[in-house]
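Please keep the sequence and the coordinates in view while reading.

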Amino acid sequence: MAIPNHARTNFDTLLRAASEGNLALIECLDASTREPRFVLCAVGRTGGEYVFTPFGHLADGNPYDAYQPPDPEDPAGFIVNPSS
C-alpha cells in the first residue's frame with residue numbers, strides 16, 4: 001500500500017517544523033480514553049498568538065511492541081511478531 005498524499009504532506013510539515021525549531025511536545029488528554037498523552041505538535045504563530053497543530057502522540061511503553069513493520073519481501077504485507 002502506498003503512503004497516502006495527506007500523510008506525506010503531514011510528514012513534510014513535520015520535517016519543515018523540525019528544521020525551523022518549531023516542534024513542541026505537549027501533555028494532553030486523549031479525547032476518548034481521558035488518558036494523558038504526549039503529543040507532537042508543530043508550532044505556528046498567528047499575530048501574537050501561538051498555534052499548536054497536533055500530529056500524533058508518542059507510543060506508550062515499547063514502540064517495537066506497538067507496531068508491525070512492513071515486510072520488505074511483500075509490499076502489501078507486514079512482519080508479524082511471533083509472540084503476537
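In this text, a residue is called buried under 20% relative accessible area, exposed over 50%, and partly exposed in between, using a 1.4 Å probe and protein chains only. The model is predicted, so local features need pLDDT of at least 70 and side-chain atom pairs count only at pLDDT 80 or more, while totals for chains, interfaces and linings use all residues. Residues are numbered from 1 along each chain as its sequence is written, and side-chain values use heavy atoms, with hydrogens and water left out.

Strands are DSSP runs (E, at least two residues), as helices are (H or I, at least four), and both are numbered from the N terminus. Two strands count as paired if DSSP finds at least two bridges between them. Strand β2 covers residues 36-46, and it pairs with strand β3 (residues 49-57) in the antiparallel sense over 8 bridges. The two form a hairpin with 2 residues between them, and Gly47 in the turn has a positive phi of about 60 degrees. Most residues other than glycine have a negative phi. Arg34, although not a glycine, has a positive phi of about 65 degrees. Arg34 sits in the loop between β1 (23-29) and β2 and is exposed, with a relative accessible area of 55%.

A salt bridge here is a side-chain nitrogen of Lys or Arg within 4 Å of a carboxyl oxygen of Asp or Glu. The whole structure holds 2 salt bridges. Arg37 counts as buried because its relative accessibility is 15%. Its side chain meets that of Asp30 at 3.4 Å, N to O, and that of Asp60 at 2.6 Å, N to O. Asp60 lies in the loop between β3 and α2 (63-66) and Arg37 in strand β2, so this pair ties together parts that are 23 residues apart in sequence. Through shared partners, the salt bridges join Asp30, Arg37 and Asp60 into one network. Asp30 is buried, whereas Asp60 is exposed at 52%.

How many disulfides does a search of the whole structure find? With a disulfide taken as a pair of cysteine sulfur atoms within 2.5 Å, the search finds 0. For Cys28, the nearest cysteine sulfur is that of Cys41, 5.7 Å away. Cys28 is partly exposed at 30% relative accessibility, while Cys41 is buried at 4%. The bridge partner of Cys41 in β3 is Pro54.
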